[in-house]
Amino acid sequence: MVTDRHEESRFWPRLLAGLIALVTAFGLAGIAWAVNGAINRHHDRIALKGLDGKPSPIALTVGTEELVIPANLIRFPTDRRGGLVTAVDLLLLWPSLDGFSEERSREFRDSSPDAPLIYVTITEADTELDSTTRLDGLYSRYFTGPALPGPGHLVGRAMSPDSPYRGEVVYFQPRAETPYVVRCLAQTSEEIPSTCIRELNIGHGLTMLYRFNRSWLGEWRTMDDRLRRIVGQFFRTA
């Protein structure tokens, strides 16, 4: 059986090789997210070993919000202890959005770029801006080139190579009062799949950030609606 220590020793040489390819493609300025993505993906693989199929309710407090979350949705064993946490990470199967079970353990332990998993983080918001409000207030100033046709009637805009978002495409819902907005890596590598990230303000002072494979972007409306609904059920009502 491969140990966590062995995983660490094999991971860093692979990451270095991947970063060399990314620097060639994107330059140095735009790969911070890619580096974090590679490290997170590696930690994801190791974290899967601690998954628990029990759906026992776990009471947690994030910021001022009290949440109750089934244990088999929670990614890290330390968060399954409950109590006060700075953030809680979830792991869900797509498209069912089920939590971990022994019957589907192979899917949860799939470490390939196309693994059918959605990673969700609920944490205190450090700003009132989310993906939607950043569209006009931030992202649009870095748009470059023509509009790109996106899946599911979305429009994509490449980000300027001189921006903090180099190597990314922002996809958004055109002509909507409160548009869906998501950032995606424009290219992929062996270590870093083409991942999309979306951030939403939820509850009182919390943020939900979720990331998923770009190949599912055409299902953005269903994914967003169902994730909002599921996470909304975690909040304790008075």
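What you have here is a predicted model, where local features need pLDDT of at least 70 and side-chain atom pairs count only at pLDDT 80 or more, while totals for chains, interfaces and linings use all residues. Residues are numbered from 1 along each chain as its sequence is written, and side-chain values use heavy atoms, with hydrogens and water left out.

The chain's mean pLDDT (the predictor's confidence in each residue, from 0 to 100) is 82, with 76% of residues at 70 or more. Residues 1-31 fall below 50, and this stretch has 36 contacts (heavy atoms within 4.5 Å) beyond near neighbours in sequence.

Now for the strands (DSSP runs of E, at least two residues, numbered from the N terminus). Strands pair if DSSP finds at least two bridges between them. β6 (residues 143-149) and β7 (residues 155-159) are antiparallel partners over 4 bridges, and Thr-144 has Ala-158 of β7 as its bridge partner. Their hairpin has 5 residues between the strands, and Gly-152 there takes a positive phi near 60°.

Last stop: Gly-82, in the loop between β2 (65-70) and β3 (83-85). Leaving out residues up to four places away in sequence, Gly-82 touches Ile-58, Ala-59 and Leu-60.
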